[in-house]
Amino acid sequence: MAEQLNNVNGKRKILARQSAVVRFAGDSGDGMQLAGTQFTDTSAMVGNDIATLPDYPAEIRAPAGTVAGVSGFQINFASEDIHTPGDKVDLLIAMNPAALKAHLSEVKREGIVIVNESEFTKTNLKKAGYPEGSNPLDDDDFLEGFQVFAVPITRLNEESLANSGMGAKDIGRCKNMFALGVIYWLYDRPLDNTIKYITSYFTDKKGKPEVTEANIKSLKAGYYFGETAEFFTERYQINRADITPGRYRKVVGNEATAMGLVTASKLSKRDLVYCSYPITPASTVLHALAGMRHYGVKTFQAEDEIAAVCAAIGVSYAGGMGVTGTSGPGLALKSEAIGLAVMTELPLVIVNVQRGGPSTGLPTKTEQSDLLQALWGRNGDCPVAIVAPKSPADCFDAAIEASRIAMEHMIPVIILTDGYIANGSEPWPVPKADDLDPITIKTVPPLEEDQQFEPYKRLDESLARPWASPGMPGFEHRIGGLEKDFVTGNVSYDPENHQKMTRVRQEKINRIADVIPPIEPHGDNAGDLLVLGWGGTFGSIHTAVERARAKGLSVSSAHLRHLNPMPQNLGDVLKRFKRVLIPELNTGQLRLLVRSKYLVDARGLNKIQGKPFLVEEIEQAIDLMLADGFGNQEFIMPREHQVTPNQWDYDFQTDQEGANA
């Protein structure tokens, strides 16, 4: 057994910390997501700033006990303003050998590792891939540099519920609450919120008070194990964050997207109909909206992606707010129908929660590699507007923004969110309804006597056409995918008209730049380096730039919400800086656009690992760029958290057995 396990009977201390990063890890059936979510909710209620990163397998039930089946949940909670779920882990709780193997490398030196000793059996060690006869808890070299505590969680949980009358399987399901209780004690968190949740879910909703009693008993058993066993010599205290007073709640990205769509429906006075086909990680938008029928929301689960987007277009044609949602490969399937929405000039909102690709790729992992698909992935010249939220809470505002553009300009708009912010959570200042601007939909102009309705006649400088719905007397018209006459909307094969209409569809997008705000750098308006980002990279970039500026470096950042069109002043902002760095979770899609459109020698930091950027990776790239360390390389990639000039390259040569290096 590791030497650190002798850490008993010492004097306990309470240590104040500004922040801590805790990761729950176990088998996908161990309830780690629930334990992490409850810890997050409690930390938010005591006033900490929070940021989370759920990480779970793609398989519904990966082989139990294997590294592939490990489910993790990371939370960064703090008494200061934070923007990421944290880089290195302060405390890891590993419920089995596979979880320890999968996550130990992420724990900082001298960090705490709590392992469920009961599960370190010969069978489980073999499943996790440890060598025959090897047990990491007996290997001082393996665990050197960590504070390791081996707690027999499974056995203690079983003993605490021995008289519950429940079967072994049901008792085993409660061990995540025992583990959560231990962490609650270590960080001096109250149990009340979780007890309230357990009661509400199992008793009030499921009608199983015996399960409620068992889970609460396990939770308290874990907590009082920390209190009475004298196993730990230190506890930690993280005070409430100094944040602007107001009404806050914790919000998850996809949940915020759903609430934003409902709010847009109210602001526009158009009924929201969400048409979707289940796909990870977008499905929870559908789940959230399905529970909002009391707001007049209608949801439709279609038989496939094509049916879903076509149904949403039908909703818009009928005068409603048509929205569809999907993820990467689903967006590809919707591409032809999105072209139909462009041709018919109907409002349509498409929520694309990006994930690792191509094809089905990494369904539960994050990536930003759908930007070019969103921009150009359709036949013909087929422009759409693109809006990207920067954080879980920002999904609310981005959903309203996208809906506003779609309905006021009569175009499809894609919301490019990603798995990282869609599943992550953070505090959200609940806005007041009166502070939100209404979505103004242009009225259909009245017809004079004997006047024929002209469905493609432009209403104003936005070039939007009138939104006439079926059932409006005198405004009967036809729409479809064939080219339309500029005014009458009749099918037209006239060459000049097609060229004009192609230009009009592009110009409708271009003119959105007249109404979106200019981009404003964070930091100085000019200097040595601008770090430009979009989407979910905001938190890592912002924090890295803040640290660079604290060191006196001439570094600023700018973040794009609008990716098509981009802000009118972006070119001017880029040219005020000597260098431009663009970190992206892809191979450089925004960099391609910036270099081609603005003729700026932008360089890239590109990560395609299914994980968000660590702050330290962007810090390293900033230092490297300021030292002219990129040389002639257009981009570099981090490997094992290290960004160096020569480590981006991979050896693609194959040996005789065909294995890639």
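Helices, in DSSP class H or I with at least four residues, and strands, in class E with at least two, are DSSP runs numbered from the N terminus. That numbering places Ser359 in the loop between strand 13 and helix 15. The model is predicted. The chain divides into domain 1 (13-238), domain 2 (249-435), domain 3 (442-515) and domain 4 (522-636).

**Largest pocket**
- The largest pocket has a volume of about 1100 Å³.
- Its lining comprises 36 residues. Gln33, Thr37, Thr284, His287 and Asn423 lie nearest the centre of the pocket.
- Elements giving two or more residues to this lining include helix 1 (32-45), strand 3 (49-55), strand 4 (70-78) and helix 8 (192-205). Also among them are strand 9 (248-252), helix 10 (253-268), helix 11 (283-290) and helix 17 (419-423).
- By class, the lining has 16 nonpolar, 15 polar and 5 charged residues.
- Domain 1 and domain 2 each supply at least three residues to the lining.

**Domain 1 and domain 4**
- The C-alpha centres of these two domains are 36 Å apart.
- Domain 1 puts 6 residues into the contact, and domain 4 puts in 10 residues.
- Interface size is often given as the accessible area lost when the parts come together.
- Here domain 1 and domain 4 bury about 600 Å² between them. Carbon and sulfur atoms hold 59% of that area.
- On the domain 1 side, His83, Thr84 and Asp87 lose the most area to domain 4. Together they make up 74% of what that side buries.
- The rule finds 1 salt bridge across this interface.
- Glu106 forms a salt bridge with Lys611, with the closest N and O atoms 3.8 Å apart.

**Salt bridges**
- The structure holds 28 salt bridges.
- One of them joins Lys508 and Glu345, whose closest N and O atoms are 2.8 Å apart.
- Lys508 is in helix 18 (residues 495-510), and Glu345 is in the loop between helix 14 (335-344) and strand 13 (348-354), so the pair ties together parts that are 163 residues apart in sequence.

**Backbone**
- Most peptide bonds are trans, and most residues other than glycine have a negative phi.
- The bond from Thr280 to Pro281 is cis, with omega near 0°. Pro281 sits in the loop between strand 10 (272-276) and helix 11.
- The bond from Gly357 to Pro358 is cis, with omega near 0°. Pro358 lies in the loop between strand 13 and helix 15 (371-376).
- Ser359 has a positive phi, near 50°, and is not a glycine.

Definitions and conventions. Residues are numbered from 1 along each chain as its sequence is written. This is a predicted model: local features need pLDDT of at least 70, side-chain atom pairs count only at pLDDT 80 or more; totals for chains, interfaces and linings use all residues. Side-chain values use heavy atoms; hydrogens and water are left out. On a 1 Å grid over the protein atoms alone, a cavity is a set of points where a 1.4 Å probe fits but cannot get out, and a pocket is an open set with protein on both sides within 12 Å along at least five of seven lines; lining residues have an atom within 4 Å of a point. Grid points are joined across faces, edges and corners, and a volume is the space filled by probe spheres set on the points. Ala, Val, Leu, Ile, Met, Phe, Trp, Tyr, Cys and Pro count as nonpolar, Asp, Glu, Lys and Arg as charged, and the others, Gly among them, as polar. Domain bounds come from an automatic or database domain assignment. Contact means heavy atoms within 4.5 Å. Buried area is the accessible area (1.4 Å probe) that two parts lose on being put together, summed over both. A salt bridge is a side-chain nitrogen of Lys or Arg within 4 Å of a carboxyl oxygen of Asp or Glu.
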